[in-house]
Amino acid sequence: MTDIRSVKIHPAIGIARVGNSPTDFFIGPELPGNSDSPPGGYRDAQSRIKRQAARFRLFGYDASGKVVKEITESDASITWTVHLANQKAAARKFAGLKSNAPRRNARVKNRKSLIIDPGRRLLRGPNQTAAFDTGKFRGTVVPLGEVRTDEQGRLLVLGGFGRSASPTNAPIKTFENNDGWYDDTSDGPITATVTLHGDRNSIKAAAAWIIVAPPKFAPAFESITTLYDVLLEVAVERLGLALPTKPSFTKDVYPILNRVIQMKWVSQLVGSAHATLADVIPPPGPPDVRAAIFQRLKNPSDGSGGDMPMVWSDKYSPPKVENQPVTKTQYNIMKMWADGDFINDWASKPKPSTLITPEGLDRAALDTCVGGPFYPGIEAGWFLRDKFRYAEPFRLSQRALAAGDVTKQMSLPWQSDFDACQFESPLAWWPAQRPDDVFPEGGGPQVQWTRDLVKSEKGMVKNWHRLGFVIKKGDAYVETERKA
């Protein structure tokens, strides 16, 4: 393997999710478009929610930047280093798109006591484990999860258990900033050192980042704008990434249309507005219908156009109603499609690839995440879009980043925002992550997802793990595994 000149960790940004099962977990999506349920479902034998692990792999590249192969323990000696932390309680308050808000817990002089930081964990070799169980919030131990290597030396990161609390019994007063509270979401850097067998010199791999987020309760669905779409736009505008001059219907247009069509399964009011979209599948569809659909889109450059997507903006300022636009790249794709300037490569509904690739790993992780509105968001906020630097497309530069920086502006605890951001007439928030309305597995009309389980922020803290998952059964998507 003398042709390997560099090594990179993929996914560049991995996503793990909390769950209250101390034993069972499943590995998050590694193939774009693959939303298969884990074996046995999303709960363990005791009906506790399984944690979603993020799996990281190493790939060797030659001098021209072409992938040579995935590197495992059979090829090299591998040392992984992972650092998870939660800085929320010490960070500035979330205040929309303002970055200079007052700090949370401003009266606490010992700021370090607010940061849950167990430090780095190092793993060498296959089948190793280490726990992030020494971090504290004001003297209270708050486990953030663990790391392990599998039999081939790949890295698995498992996050916390969805535990949120206030050691002083402080009230929850707002959806985003609650002093005296902690939760066990987190984020941080992942590095690796690789020594290929037969080579004395070690290679430092291009580093990755891990985000530990709340569960995704509608795993088969993607937000209309995903975090992949947002970071693709960052790569185009700030890193000079070149895109194809003409969009593919199957690869570029259909995913946007399909995401919108699927909203009917998780949002009763939003989904009812999309009845005409099926008329343009298969392509090309009537030109007047294509034009009418495009005209409903809000222009991300100047704010003109219509009211689609029907989600609140991260410039949220009621009673003014303002919806979040798609990215400029998504908007341009839809414009070319409406004009008939696209590649009609439709054969049938696309199936997920079965081949693991570095690019596929990056996309599969980020497509499961919210790309807006960032008010503040679910997995990450607008810092990831507007503030942080990137070493290459989708890969954060770690020169000015510390563990906990990516999630520190998210709501504290996460459940308070998860409760508040249900459908807020006339627009939705994040129904692909946190459903508004669902069809019960036993049949009947759509009902509110949180019905009789959650009626307040503290109710979400107490009962989030009893809520149901929306998965495909036959030709429908229904709510299952609800622990009433």
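**Figure 1. Buried residues of helix α6.** In this predicted model, P358, G360, L361, D362, A364, A365 and L366 of α6 are buried (under 20% relative accessible area; exposed is over 50%, partly exposed lies in between; 1.4 Å probe, protein chains only). Helices are DSSP runs of H or I with at least four residues, strands are runs of E with at least two, and both are numbered from the N terminus. Contact means heavy atoms within 4.5 Å.

**Figure 2. Helices α4 and α5.** Two packed helices are described by the angle between their axes and the distance between the axes. Helix α4 (residues 287-295) packs on helix α5 (residues 328-338) at about 155°, with axes 9 Å apart. Axes are lines fitted to C-alpha atoms, for helices over the stretch in contact, and angles run from 0 to 180 degrees between N-to-C directions. The pair is therefore roughly antiparallel. That word applies over 145 degrees; under 35 is roughly parallel, 65 to 115 roughly perpendicular, and the rest oblique. R290, A291, I293 and F294 of α4 meet Y331, M334, K335, W337 and A338 of α5. This contact has 7 nonpolar, no polar and 2 charged residues. Ala, Val, Leu, Ile, Met, Phe, Trp, Tyr, Cys and Pro count as nonpolar, Asp, Glu, Lys and Arg as charged, and the others, Gly among them, as polar.

**Figure 3. Helices α1 and α5.** The axes of α1 and α5 come within 8 Å and cross at roughly 95°. These helices are therefore roughly perpendicular to each other. D229, L232, E233, V236 and E237 of α1 meet K328, T329 and Q330 of α5. By class, the contact divides into 2 nonpolar, 2 polar and 4 charged residues.

**Figure 4. W337 and its contacts.** Leaving aside neighbours within four places in sequence, W337 touches F249, V253, L257, V280, P284, R290, I293 and F342.

**Figure 5. Residue S397.** S397 sits in the loop between β17 (395-396) and α8 (414-420). S397 is buried, with a relative accessible area of 19%. Not counting residues up to four places away in sequence, S397 touches R389, Y390 and A391.

**Notes.** Residues are numbered from 1 along each chain as its sequence is written, and side-chain values use heavy atoms, leaving out hydrogens and water. Local features need pLDDT of at least 70, side-chain atom pairs count only at pLDDT 80 or more, and totals for chains, interfaces and linings use all residues.
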